[in-house]
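Student: I have a new structure to read. Please take me through it step by step.

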Amino acid sequence: MGDASGVPFSASTIAVMGNPVTDLHEDMAAEQKALATYYQLVNLTDDVDIIDVLKFLGEREIVHYQRFGEALMDVYDFEESQKLF
Ligand SMILES: [Fe+2]
């Protein structure tokens, strides 16, 4: 599989760094960008059916953002539990 230009997907496609904190922040940013895109699309139409679909999709991005945020908190908790003083 690849993108519309035929370039194969790789880790660079989703900017994976291999560090869970960095990657989860990247994921959360991607969800916010998707949400912003849906908001922009809503402003381009007055078709209520299209707006309903875009709002539904946008609400999913909010949930995805929250779940990634919870995963990030779990990573922080795990890292904290590994510190021995
Ligand atoms: Fe999403």
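Tutor: Start with contacts: two residues are in contact if their C-beta atoms, placed from the backbone, lie within 7 Å. In the protein chain, take the contacts between residues at least 6 apart in sequence; 54% of these join residues at least 24 apart. This is a predicted model, where local features need pLDDT of at least 70, side-chain atom pairs count only at pLDDT 80 or more, and totals for chains, interfaces and linings use all residues. Residues are numbered from 1 along each chain as its sequence is written.

Student: How many helices and strands are there in the protein chain?

Tutor: Both are DSSP runs, numbered from the N terminus: helices are H or I, at least four residues, and strands are E, at least two. The protein chain has two helices and zero strands.

Student: At what angle do the axes of α1 and α2 cross?

Tutor: Axes are lines fitted to C-alpha atoms, for helices over the stretch in contact, and angles run from 0 to 180 degrees between N-to-C directions. Helix α1 covers residues 20–42 and helix α2 residues 48–81; their axes cross at roughly 165° and come within 9 Å. That makes α1 roughly antiparallel to α2 (angles over 145 degrees count as such).

Student: Is V63 buried or exposed?

Tutor: Count other C-beta atoms, placed from the backbone, within 10 Å of a residue's own: 20 or more is buried, 12 or fewer exposed, in between partly exposed. V63 is found in helix α2. V63 has 10 such atoms, so V63 is exposed. Buried residues make up 2% of the 85 residues in the protein chain.

Methods: Angles under 35 degrees count as roughly parallel, over 145 as roughly antiparallel, 65 to 115 as roughly perpendicular and the rest as oblique.
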